[in-house]
Amino acid sequence: MSSIPPFNAFEQPAPYRRIEGFMGEETVTRLLAHTVAREKDFQLTGVHGREGGKINPEIRISRVLRDFGDLKGEMQTRFTTVIDLTIKELGMSAIDLEHLELEIVAHGDGAFYGKHIDTMTEYPDAKSDRALTAVYYFHRLPKGFSGGELRLHSIAETEEGKHFIDIAPARDSLVLFPSWAPHEVRPISCPSGDFLDSRFAINCWYHNRRKTA
């Protein structure tokens, strides 16, 4: 008689929540207009670190903008509204929100981000820690790129190896998952090389206030 192996959460990809039609087409249009108007202000994206991190093309290739202009307040409000239900659905501990960390990231041809976790920020004197990660996608139509899936990995390996799930970067969708979850951005192909054909996303990190003694 065969037995069913015990369930091990660490052998499964992290839980996630996906929301379709999160912002709406009017907001997508405004985000694209802001992003294209600020193309020259996008900088190469680093890896960890207080000042944007070190540039390492073997780990990460993309460009980033942290200035949302007049859209900042609206973005903060939109992302804040989903916290409570997301925490409940993912089975996470409550977040004592200290602040939101927001950025726009452009992934063009050949861009990617290797496997990592978002809690590795190297801010030992910070007043908060990343607890929940959200990624919002808003590319133009028709889509000018392929690839760029968000891959969520399991923490532990099984006899068959590590498990993962790929989530397509669908326009106007939001994906949320715990910041401790190992994940990556799969390589992007953008044949035109046109900035407007990039895989655009807003990364949002919900910071949980650190408890003081």
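Student: In which loop is Pro 142 found?

Tutor: In this predicted model, Pro 142 belongs to the loop between E7 and strand E8 (146–147).

Student: What makes the peptide bond between Leu 141 and Pro 142 a cis bond?

Tutor: The omega angle is about -5 degrees, and the bond joining Leu 141 and Pro 142 is cis.

Student: What is the phi of Asp 172, and where is its place in the chain?

Tutor: Asp 172 is not a glycine, yet its phi is positive, at about 60 degrees. The residue sits in the loop between E10 and strand E11 (173–178).

Student: Why is Asp 172 called buried?

Tutor: The cut-off for a buried residue is a relative accessible area under 20%. Asp 172 has a value of 6%, and it therefore counts as buried. Across the chain of 213 residues, 46% count as buried by this criterion.

Student: How do you know that E5 is largely enclosed by the rest of the structure?

Tutor: Eight of the 11 residues of E5 are buried, and E5 is therefore largely enclosed.

Student: Why are E4 and E5 said to pair?

Tutor: Pairing requires at least two bridges between two strands. Strand E4 (residues 63–65) and strand E5 (residues 97–107) are joined over three bridges, so they meet the requirement, and their sense is antiparallel.

Student: How many bridges join E5 to E14, and which residue is the bridge partner of Ile 104?

Tutor: E5 and E14 run antiparallel and are joined by 10 bridges. With at least two required, these strands therefore count as a pair. The bridge partner of Ile 104 is Ile 202 in E14.

Student: What is the order of the sheet of seven strands, and why are E1 and E2 called its edges?

Tutor: The sheet is open, with antiparallel pairing and the order E1-E11-E7-E14-E5-E4-E2. Strand E1 (17–20) and strand E2 (43–44) each have a single partner strand, so one side of each lacks a neighbour in the sheet.

Student: Which strands does helix H1 lie across, and at what angle does it run to E14?

Tutor: Helix H1 (residues 25–37) lies across E4, E5, strand E7 (128–137) and strand E14 (199–209). The angle between H1 and E14 is about 100 degrees.

Student: What is the order of the open sheet of five strands, and why do E3 and E10 stand at the edges?

Tutor: The order is E3-E6-E12-E9-E10, and the pairing is antiparallel. Strand E3 (60–61) and strand E10 (164–167) have a single partner strand each, so one side of each is without a neighbour in the sheet.

Student: How do you know that E9 and E12 pair?

Tutor: Strand E9 (residues 150–153) and strand E12 (residues 183–185) share three bridges in the antiparallel sense, and at least two are needed, so they pair. Arg 151 has Glu 184 of E12 as its bridge partner.

Student: What is the volume of the second largest pocket, and which residues are closest to its centre?

Tutor: The volume is about 180 Å³. Of its 16 lining residues, Arg 63, His 107, Gly 108, Asp 109 and Ser 198 are the closest to the centre. The lining divides into six nonpolar, six polar and four charged residues.

Definitions and conventions
Residues are numbered from 1 along each chain as its sequence is written. This is a predicted model: local features need pLDDT of at least 70, side-chain atom pairs count only at pLDDT 80 or more; totals for chains, interfaces and linings use all residues. Side-chain values use heavy atoms; hydrogens and water are left out. On a 1 Å grid over the protein atoms alone, a cavity is a set of points where a 1.4 Å probe fits but cannot get out, and a pocket is an open set with protein on both sides within 12 Å along at least five of seven lines; lining residues have an atom within 4 Å of a point. Grid points are joined across faces, edges and corners, and a volume is the space filled by probe spheres set on the points. Ala, Val, Leu, Ile, Met, Phe, Trp, Tyr, Cys and Pro count as nonpolar, Asp, Glu, Lys and Arg as charged, and the others, Gly among them, as polar. Helices (H or I, at least four residues) and strands (E, at least two) are DSSP runs, numbered from the N terminus. Contact means heavy atoms within 4.5 Å. Axes are lines fitted to C-alpha atoms, for helices over the stretch in contact, and angles run from 0 to 180 degrees between N-to-C directions. Buried means under 20% relative accessible area, exposed over 50%, partly exposed in between (1.4 Å probe, protein chains only).
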